[in-house]
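Please review the following briefing alongside the sequence and the coordinates. The points are grouped by topic.

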Amino acid sequence: MGNNHHIYNKLISITSEENVMVDELLRNHMYTRLGGKADFFVTPSSIEEVQQIVKLANNEQVPFTLLGNGSNLIVRDGGIRGIVLSPKRFTAIKREGNSLIAESGARIIDVSRRALQENLTGLEFACGIPGTVGGALYMNAGAYGGEVKDVLRHTIVVDRNGELLQLVAEDLDLDYRTSNIPDKGYIVLEAHFDLQPGNYHEIKDVMDDLTYKRESKQPLEYPSCGSVFKRPPGYFAGKLIQDSNLQGKGVGDAEVSTKHAGFIINKGNATASDYIAVIEMVQKTVKEKFGVDLEREVRIIGEDVSD
């Protein structure tokens, strides 16, 4: 990008120099430990800065991408051009009545733990989801019978034009692992979760049970993007992959987990290309053996090295 210096100066005039990193390796910020460089990795400190950065990207016609912690995302090895905005400085969680108000960069696990501290029930299902609040809304994250749409009241977002909007949950078209947030280009800044008063020990018992189930069945000792595939109608993705004898198979350091077939792990130095190759191998094998098309739950963005 020929005007990188110009864009850099504009960015540091909006936020501080320490909030703007140039040619930053995204794998250092991704839960999966995958991904090439971002031209600009920007971590704004206020809503106003987010609005101004969006408007700058529009005015200068610079590509713009929002990234949480990448727990359900693969960034290709060629990285991402233009501005990558991270909400990592937006982590506040506060109580208001029987609601918790959480900023988009807070981990949904931490919101669940805060609910426990406040004797509020409704977010127990999220105690093992590794993504941010923004990511949880983006994909209507869920586990163990609960999902974000069950407890979300409203959200504060910035739209593609840099305007601040308050939307109720119904405005987001939340469905199984989907929302309209990507189509609308919304940047989630804050979520209001409606919860109910509960008993601390009962809430903790549920969370302890779910944590045990998760830790005993999932390969949490390695980076991964969690469940790679959506559940196909009438089947379980993990069972199909297991019955295809794919556990332990891989490319480079990317491998189908021997602990949970629905997970693909990064054993150390996997590239995004390795990881994607394993996804495609799994899809091809399951289709050949069972005639079932596995649809990715994980998103893949960015450019290949050769692009």
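**Briefing on the predicted model**

Leu172 is found in the loop between β12 and α5 (181–184); helices (H or I, at least four residues) and strands (E, at least two) are DSSP runs, numbered from the N terminus. This is a predicted model, in which local features need pLDDT of at least 70 and side-chain atom pairs count only at pLDDT 80 or more, while totals for chains, interfaces and linings use all residues. Residues are numbered from 1 along each chain as its sequence is written, and side-chain values use heavy atoms, with hydrogens and water left out.

- Leu172 counts as buried at 0% relative accessibility, where buried means under 20% relative accessible area, exposed over 50%, and partly exposed in between (1.4 Å probe, protein chains only).
- Not counting residues up to four places away in sequence, Leu172 touches Leu137, Leu152, Thr155, Leu167, Ser179, Asn180, Ile181 and Tyr186; contact means heavy atoms within 4.5 Å.
- From C-alpha to C-alpha, Leu172 and Val62 are 26 Å apart in space, and they are 110 residues apart in sequence.
- Thr32 lies in the loop between β1 and β2, and Thr32 is likewise buried, with a relative accessible area of 0%.
- Leaving aside neighbours within four places in sequence, Thr32 is in contact with Gly70, Leu73, Pro223, Ser224, Cys225 and Asn266.

**Nonpolar cores**

- The largest nonpolar core has 32 residues, and those with the most contacts inside it are Val111, Leu123, Val133, Leu137, Leu152 and Phe193; such a core is a set of buried Ala, Val, Leu, Ile, Met, Phe, Trp, Tyr and Cys residues joined through side-chain atoms within 4.5 Å.
- Two or more residues of this core come from each of β7 (99–103), α3 (108–117), α4 (133–138), β11 (152–158) and β13 (187–194).
- Another core, of 25 residues, lies apart from it and includes Cys225, Val228, Val292 and Leu294.
- Leu123 touches Val111, Ser112, Ala115, Val151, Phe193 and Leu195, with residues up to four places away in sequence not counted.

- The antiparallel strands β7 and β13 are joined by 5 bridges, and Ile101 stands opposite His192 in β13.

**Helix pairs**

- The axes of helix α1 (residues 4–14) and α2 come within 10 Å and cross at roughly 160°.
- α1 and α2 are therefore roughly antiparallel to each other (angles under 35 degrees count as roughly parallel, over 145 as roughly antiparallel, 65 to 115 as roughly perpendicular and the rest as oblique).
- This contact involves His6, Ile7, Lys10, Leu11 and Ile14 of α1 together with Glu49, Gln52, Ile53, Leu56 and Glu60 of α2.
- α3 and helix α6 (residues 200–217) pack at an angle of about 150° with their axes 9 Å apart, and α3 and α6 are therefore roughly antiparallel to each other.
- Ser112, Arg113 and Leu116 of α3 meet Tyr200, Ile203, Lys204 and Met207 of α6 in this contact.

**Other strand pairings**

- In strand β2 (residues 37–42), 5 of the 6 residues are buried, so β2 is largely enclosed by the rest of the structure.
- Strand β1 (residues 20–25) runs antiparallel to β2 and is joined to β2 by 5 bridges; Val20 has Val42 in β2 as its bridge partner.
- β2 and strand β5 (residues 80–85) pair in the parallel sense over 4 bridges, and the bridge partner of Phe40 in β5 is Ile83.
- A further open sheet has 4 strands in the order β15-β18-β17-β16, with antiparallel pairing.
- The edge strands β15 (224–227) and β16 (250–251) each pair on one side only.
- 2 bridges join β15 to the antiparallel strand β18 (residues 263–266), and Ser224 stands opposite Ile265 in β18.

Notes
Two strands pair if DSSP finds at least two bridges between them. Axes are lines fitted to C-alpha atoms, for helices over the stretch in contact, and angles run from 0 to 180 degrees between N-to-C directions.
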